[in-house]
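Colleague: I'm new to this one. Can you walk me through its charged pairs?

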Amino acid sequence: MYIDTHCHLNFPQYDIDQAMVIGNAKKAGVKQFINPGVDIFSSLQAVNLAKKHNGVIYAAIGIHPYEAQHDPDVRELEKILQSNLTHPPSPINDPSIIAIGECGLDYHQYTGEQALGKKDKQKRLFSEQVELALKYNLPVIFHCRDGFDDFFEVIDSVTESTQGVYPEALRGVIHCFSGGLQEVRQARVRKFFVGFDGNITYSKHLQSIIPSIPLSMMLLETDAPYLTPVPHRGTRNEPKYIPLIAHQIAQLHGTSVKDIEEITTTNTQTLFGIT
């Protein structure tokens with residue numbers, strides 16, 4: 001089976017036909033879904049959706065970097081965790097929340113300006129969520145766009161400052177990976193996975209680097225309703241298009257689609273602890 005490791009099924013784009021979208025994905029072989037939050041409200045929605053579709057949809061709770069301007073309180077995320085997880089957290093006992101995210105840095109909106117104070121807000125929000133993940137021994141769904149230098153610096157700063165406090169190492173996936181091979185090496189050193197979406201069907205940059213990235217690092221995701229793959233670009237994205245992403249990776253790696261399906265599913269199960 002396939003697993004869509006990043007889709008927003010609780011977004012308004014699916015209000016009318018959410019059940020049909022899930023059903024169509026299952027028909028395409030996409031049997032499980034990870035639904036990340038982008039703020040407190042959508043994180044609560046993600047948890048409720050996971051409880052409704054137990055063992056099929058899993059929730060990640062997090063605050064997107066764009067929300068930093070509103071000074072969100074990460075303690076609200078911890079309240080969600082405390083009310084939904086056993087301690088220590090166990091996906092077997094309560095499978096609704098399996099990760100923190102999506103969280104990270106997104107400097108794309110600051111192109112052409114220094115925006116140091118705004119970037120500092122993002123870094124603070126990110127570091128607080130990384131520490132939360134370490135505290136509860138949960139993987140992280142990272143978001144990083146145009147900010148990889150600070151991204152790895154924040155991660156290393158938090159892990160170094162909490163060394164000896166939390167026994168387990170930080171683990172996670174860089175969602176919708178947009179870096180280059182240098183960033184791949186940085187991720188590999190930290191044993192992070194990288195997620196690929198429908199934009200690999202039209203991004204020449206991504207198509208050029210994917211053959212050099214080990215399949216053992218890769219996860220499949222749609223970021224639905226965004227980043228619709230060719231030939232459906234321009235329409236609403238859905239998890240049913242995961243096989244198109246797998247096919248593109250298989251072509252670029254010179255391997256079979258079946259191999260991509262099996263390897264990425266195993267990678268997902270390893271990272272998130274789901275079966």
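**Salt bridges**

Modeller: Start with Lys79 and Glu76, whose side chains form a salt bridge, N to O at 3.1 Å. Keep in mind that this is a predicted model.

Colleague: Where do Lys79 and Glu76 sit in helix 3?

Modeller: They are three residues apart in helix 3, residues 75–84, so about one helical turn separates them.

Colleague: Switching topic. Which residues are linked with Arg236 in a network?

Modeller: Asp17 and Glu238 are linked with Arg236 in a network of salt bridges. The Glu238 to Arg236 bridge is 2.9 Å, N to O.

Colleague: Is Glu238 buried or exposed?

Modeller: Glu238 counts as buried because its relative accessibility is 9%, and the cut-off for buried is under 20%. Arg236 is partly exposed, with 26%.

Colleague: What about helix 9?

Modeller: Helix 9 covers residues 257–272 and holds both Glu261 and Lys258. Those two are three residues apart, about one turn of the helix. Their side chains meet in a salt bridge at 3.9 Å, N to O.

Colleague: Which of those is buried?

Modeller: Glu261 is buried, with a relative accessible area of 13%. Lys258 is partly exposed, with 47%.

Key: Residues are numbered from 1 along each chain as its sequence is written. This is a predicted model: local features need pLDDT of at least 70, side-chain atom pairs count only at pLDDT 80 or more; totals for chains, interfaces and linings use all residues. Side-chain values use heavy atoms; hydrogens and water are left out. A salt bridge is a side-chain nitrogen of Lys or Arg within 4 Å of a carboxyl oxygen of Asp or Glu. Helices (H or I, at least four residues) and strands (E, at least two) are DSSP runs, numbered from the N terminus. Buried means under 20% relative accessible area, exposed over 50%, partly exposed in between (1.4 Å probe, protein chains only).
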